[in-house]
Amino acid sequence: MRKRLFGTLLGALLATAAATAPTVTAAPAAIDFSGTVALSNCSGSLVKLPGAATSGPALVLTNGHCYEGGFLNPGQVLVNKSSSRSFTLLSSTGGNKATLRATKVAYATMTDTDITLYQLNTTYDAIRSSYGISPLEISTAHPTQGTAIKVVSGYWKRIYTCNIDGFVYRLKEGDWTWKDSIRYTPSCNTIGGTSGSPIEDPSGKLIGINNTGNEDGERCTENNPCEVDQNGNTTVHEGTNYGEETYLLAGCMTGSTVDLTKAGCALPKP
């Protein structure tokens with residue numbers, strides 16, 4: 001998981017960032033840093049379901065492993081847990097626009113997927129009125145292989161450009177297993193701090209969030225996820241990076257509210 005570079009290696013990473021940063025293809029005008037946020041050690045985005053009321057409480061999405069309480073255990077699910085975490089809202093060019101604050105963790109898990117969804121103490125309308133920033137719209141459809149994508153990191157203020165290479169039946173990393181993960185083509189060579197970055201399709205809709213990559217070629221260890229197919233065969237792809245789909249959120253929410261009892265909701269439950 002991409003967060004781990006911010007432990008003992010933080011100083012070295014910051015000192016060498018300019019020398020080691022990957023070459024990034026410029027994003028088209030339609031996709032920039034609008035709607036993205038930076039948080040401690042991770043990236044994220046201001047998000048909204050299609051049709052949700054803009055007068056409702058705004059939401060920020062990042063990885064489950066970016067939760068401020070540390071990595072969640074396999075099988076653990078948090079719902080409506082109090083939080084006062086802050087987020088730096090970015091302008092279209094990546095400048096610091098405002099500080100947003102959570103009131104609670106609406107939902108978080110590292111089981112089957114890797115997400116934390118925060119509810120804020122303000123509304124989409126208020127954010128747009130004060131800062132001119134609109135949320136990213138969560139796609140309700142499963143993403144498609146070959147789609148051109150942008151991975152937009154609020155922490156590093158960098159945009160990675162590639163395509164969806166395919167989908168992984170099971171992505172296993174340490175004690176955690178994720179289902180139907182997105183595999184990138186090589187040019188999305190994401191680094192530590194890009195965890196939680198929104199994955200946007202050419203229309204700018206949110207189709208996933210960046211979460212991990214195989215750094216050293218190890219097999220199924222932390223920071224070295226492996227792919228497991230439907231027959232149980234395991235493969236390792238050193239240097240390959242991955243994200244988690246977000247369309248499942250649409251089946252488990254009403255407006256800005258998480259509803260795990262909703263018919264068809266496929267997210268893990270407490």
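Is K205 buried, partly exposed or exposed, and at what relative accessibility? In this predicted model, K205 counts as partly exposed, because its relative accessibility is 34%, a value that falls between the limits of 20% for buried and 50% for exposed. The side chain of K205 forms a salt bridge with E137, and the closest N and O atoms of this pair are 3.4 Å apart. Since K205 lies in the loop between strand 12 (198–200) and strand 13 (206–213), while E137 belongs to strand 8 (residues 136–137), the pair ties together parts that are 68 residues apart in sequence. E137 is likewise partly exposed, at 32% relative accessibility.

A salt bridge also joins D112 and K179, with 3.7 Å between the closest N and O atoms. Here D112 sits in the loop between strand 6 (96–109) and strand 7 (115–123), and K179 sits in strand 11 (residues 176–184), so the contact ties together parts of the chain that are 67 residues apart in sequence. D112 is partly exposed at 24% relative accessibility, and K179 is partly exposed with a relative accessible area of 38%.

R183 counts as buried at 16% relative accessibility, whereas D165 is partly exposed at 35%. Together with E227, D165 and R183 are linked in a network of salt bridges. For the model, the count comes to five salt bridges.

Key
Residues are numbered from 1 along each chain as its sequence is written. This is a predicted model: local features need pLDDT of at least 70, side-chain atom pairs count only at pLDDT 80 or more; totals for chains, interfaces and linings use all residues. Side-chain values use heavy atoms; hydrogens and water are left out. A salt bridge is a side-chain nitrogen of Lys or Arg within 4 Å of a carboxyl oxygen of Asp or Glu. Helices (H or I, at least four residues) and strands (E, at least two) are DSSP runs, numbered from the N terminus. Buried means under 20% relative accessible area, exposed over 50%, partly exposed in between (1.4 Å probe, protein chains only).
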